[in-house]
Amino acid sequence: MIDYVRDGAEIYRRSFATIRAEADLDGLPADVARVAVRMIHACGMVDLVDDLDVAPGAVEAARAALLDGRPVLCDAAMVAAGITRRRLPARNEVICTLGDPRVPDLAARLGTTRSAAALDLWGDRLDSAVVAIGNAPTALFRLLELVAAGAPRPAAVLGIPVGFIGAAESKDALAASDLPHLVVRGRRGGSAMTAAAVNAIAAEDES
């Protein structure tokens, strides 16, 4: 028989202990450090902290929005699928409009990607919501365009798209805005990391 750890709780305990031992979390506020630990757990890169940029109060604002029952708006189904529903404090809605049948025509009309066009269907649900963008830089750019044009403001934006075209630039643009934000600078990001950030904000336990 192969000898390996089978106890899920023990795997979590050892994983988070390893991350806290290897990652440089000094200087991070406690709530941000807790989010960073879970994001590192999702990607295995302890140097992630070097690229983490969090506006003061952003994690607190996202947590308050969830406690108030506000929805989580996601750019991709993979982000939505990674959010652990039992961790959400108010049975919050998790919404991804990318699969809406109106999106292809909307994207063609706007001359943009489907990921970006899907955000135009968020409407008033954007008001004080937690936005989790973990896939498409175009979605993050579109969010900034919508807010600049007068769309409702979200409570916080987790802007963690991944890729080589526009990812770094979209996150720089978010960080330069006045929206409460959490970004991973550069090309790194992704759905797993973004869902992990939501899960960390939703509940403080590390199980």
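How many cavities of 30 Å³ or more does the count give? The count comes to one.

## Basis of the report

The model is predicted: local features need pLDDT of at least 70, side-chain atom pairs count only at pLDDT 80 or more, and totals for chains, interfaces and linings use all residues. Residues are numbered from 1 along each chain as its sequence is written, and side-chain values use heavy atoms, with hydrogens and water left out.

## The chain as a whole

The chain has nine helices and six strands; helices (H or I, at least four residues) and strands (E, at least two) are DSSP runs, numbered from the N terminus. A compact globule of 207 residues would have a radius of gyration near 17 Å, and the chain agrees with its 17 Å. This radius is taken over C-alpha atoms, and the globule rule is 2.2 Å times the number of residues to the power 0.38. Along the principal axes, the C-alpha atoms fill a box of roughly 55 × 35 × 35 Å.

Of the 207 residues, 47% count as buried, that is, under 20% relative accessible area with a 1.4 Å probe and protein chains only. Among contacts (heavy atoms within 4.5 Å) with a separation of 6 or more, 66% join residues 24 or more positions apart.

## Helix 7

Helix 7 covers residues 137–148. Its 12 residues should span 16 Å, at 1.5 Å a residue, and its end C-alpha atoms are 17 Å apart, which agrees; the expected span is 1.5 Å times one less than the number of residues.

The buried residues of helix 7 include Pro 137, Arg 142 and Val 147. Its buried residues pack against helix 5 (103–110), helix 6 (114–117), strand 4 (130–133), strand 5 (156–159) and helix 8 (167–176). Just after helix 7, Gly 150 takes a positive phi of about 110 degrees.

## Ser 191 in helix 9

Ser 191 lies in helix 9 (residues 191–202). Ser 191 counts as buried because its relative accessibility is 9%. Apart from neighbours within four places in sequence, Ser 191 is in contact with Met 78, Val 79, Gly 134 and Asn 135.

## The cavity

The largest cavity has a volume of about 30 Å³. A cavity is a set of points, on a 1 Å grid over the protein atoms alone, where a 1.4 Å probe fits but cannot get out; lining residues have an atom within 4 Å of a point. Grid points are joined across faces, edges and corners, and the volume is the space filled by probe spheres set on the points.

Among the lining residues are Phe 16, Arg 34, Arg 87, Ala 200 and Glu 206. By class, the lining has three nonpolar, no polar and six charged residues. Ala, Val, Leu, Ile, Met, Phe, Trp, Tyr, Cys and Pro count as nonpolar, Asp, Glu, Lys and Arg as charged, and the others, Gly among them, as polar.

Definitions and conventions:
On a 1 Å grid over the protein atoms alone, a cavity is a set of points where a 1.4 Å probe fits but cannot get out, and a pocket is an open set with protein on both sides within 12 Å along at least five of seven lines; lining residues have an atom within 4 Å of a point. Buried means under 20% relative accessible area, exposed over 50%, partly exposed in between (1.4 Å probe, protein chains only).
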